[in-house]
Amino acid sequence: MEMLVGISACVIGEKVRFDGGHKQNRFVVDELSKYVKFKPVCPEVGIGMSIPRSAIRLQQVTEGDERLVDSKTQEIDYTTKMKTFAHKQISQFDELRGYVVCAKSPTCGMERVKLYVPNGNTVPGGSVGIYTKELMERMPWLPIEEDGRLQDPVLRENFVFRIFALNDFYKSVRDNLSYDAFVKFHSRYKLVLMAHSPKAYKSMGPLVAKIKEYDLDSFYIEYRQQFMDAIKKRASRNNKTNVLMHLQGYFKNSLTKEQKQELSALIMSYKDGHQPILVPLMMIKHYLREFPDPYLQLQMFIDPYPEELKLRYGL
């Protein structure tokens with residue numbers, strides 16, 4: 001089954017914005033679309049708004065009460081319609097592996113959306129678009145990213161990795177719910193957790209070890225949330241260096257002294273920011289082909305997504 005990813009319709013190139021334009025994202029259209037199937041949604045068109053249409057904005061009535069209103073005539077309020085639409089859509093999103101939303105949009109923005117107060121000023125820090133806020137609250141495990149933030153190589157890599165990981169989780173665990181499926185999945189992602197969140201790496205091991213004390217359905221919900229929260233954290237250079245050194249340790253009895261020194265030098269060069277992580281990883285993958293190890297060959301840290309996406313070139 002294809003990986004299904006939700007997307008703000010304007011980001012994929014549909015001319016649905018208030019001015020009849022779009023905000024097509026080239027990475028999404030040219031690269032990511034080769035591996036996922038997009039489900040485009042324009043919440044504003046979804047509640048019956050026309051193209052073109054009046055601009056809308058988030059208005060703070062009182063603290064904690066944000067309304068989606070017409071920019072010129074605040075008496076025209078779309079809040080209830082939008083929330084109803086969001087609830088209906090989200091109830092159909094069980095198969096989504098991620099979601100790309102449109103930055104700054106009062107419906108779809110994920111952060112720092114302008115939030116106005118009655119005198120026309122804006123609240124520092126802004127808010128979250130009405131539709132995306134509902135999505136984040138109802139599906140807190142789902143990888144969500146803004147089109148603009150996908151320009152950042154670190155954020156782009158992390159988002160794409162998370163949608164591939166969630167897809168793997170659904171195929172490996174959800175569609176084959178068993179104690180054994182959880183244990184095997186967790187084993188494959190141990191080094192990933194070590195890189196993204198050493199704290200989660202330490203806490204989730206004992207969690208999985210006690211899996212038979214839980215109801216499987218309850219464990220599934222708990223594990224999914226903890227796992228997705230952990231890999232949402234950016235893997236630091238220091239943490240990834242520790243994982244590379246951990247990988248190197250598996251070859252201590254196979255490599256010559258010179259080979260060990262060469263690999264150590266590449267790892268340290270990466271740690272110091274002189275090389276992308278691909279350089280020591282390619283050497284490790286070479287040694288893994290020469291000296292196969294069943295545990296390492298299953299580790300998703302080594303090959304978490306298609307190499308053709310070139311996501312690790314700048315990391």
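How many residues lie between E3 and E4 in their hairpin, and which residue in the turn has a positive phi? Two residues separate the strands, and Gly 64 in the turn has a positive phi of about 90°.

This is a predicted model, in which local features need pLDDT of at least 70 and side-chain atom pairs count only at pLDDT 80 or more, whereas totals for chains, interfaces and linings use all residues. Residues are numbered from 1 along each chain as its sequence is written, and side-chain values use heavy atoms, with hydrogens and water left out.

**View 1. The whole protein, with its 13 helices and seven strands.** Helices (H or I, at least four residues) and strands (E, at least two) are DSSP runs, numbered from the N terminus. Taken along the principal axes, the C-alpha atoms fill a box of roughly 75 × 45 × 35 Å. Of the 315 residues, 49% are buried, where buried means under 20% relative accessible area, exposed over 50%, and partly exposed in between (1.4 Å probe, protein chains only). Among contacts (heavy atoms within 4.5 Å) between residues at least 6 apart in sequence, 66% join residues at least 24 apart.

**View 2. An open sheet of three strands, in the order E4-E3-E6 and with mixed pairing.** Two strands are taken to pair if DSSP finds at least two bridges between them. Strands E4 (65-70) and E6 (115-116) stand at the edges, each with a single partner strand, so one side of each is left without a neighbour in the sheet. Six bridges join E3 and E4 in the antiparallel sense, and Arg 57 stands opposite Val 69 in E4. Strand E3 (residues 56-62) and E6 run parallel and are joined by two bridges, with Gln 59 opposite Tyr 116 in E6.

**View 3. Aromatic pairs, of which the structure holds 19.** Rings of Phe, Tyr and Trp (its six-membered ring) pair if their centres lie within 6.5 Å; planes under 30 degrees apart count as stacked, over 60 as edge-to-face and the rest as tilted. The centres of the Phe 169 and Phe 185 rings are 5.2 Å apart and their planes stand at 70°, so this pair is edge-to-face. Because Phe 169 lies in helix H5 (residues 153-172) and Phe 185 in helix H6 (residues 179-188), the pair ties together parts that are 16 residues apart in sequence. Phe 169 is buried, with a relative accessible area of 1%, and Phe 185 also counts as buried, at 1% relative accessibility. Tyr 214 and Phe 219 form another edge-to-face pair, at 5.3 Å centre to centre with 65° between the planes; Tyr 214 is partly exposed, with a relative accessible area of 33%, while Phe 219 is buried at 0%.

**View 4. Arginine side chains over the rings of Trp 141 and Phe 301.** A charge sits over a ring if NZ of Lys or CZ of Arg is within 6 Å of the ring centre and within 35 degrees of the ring normal. The charged end of Arg 224 sits over the Trp 141 ring, 3.6 Å from its centre, and Arg 312 lies over the face of Phe 301, at 5.3 Å from the ring centre.

View 5. Asn 167 is buried, with a relative accessible area of 7%. When its neighbours within four places in sequence are left aside, Asn 167 is in contact with Met 3 and Arg 97.
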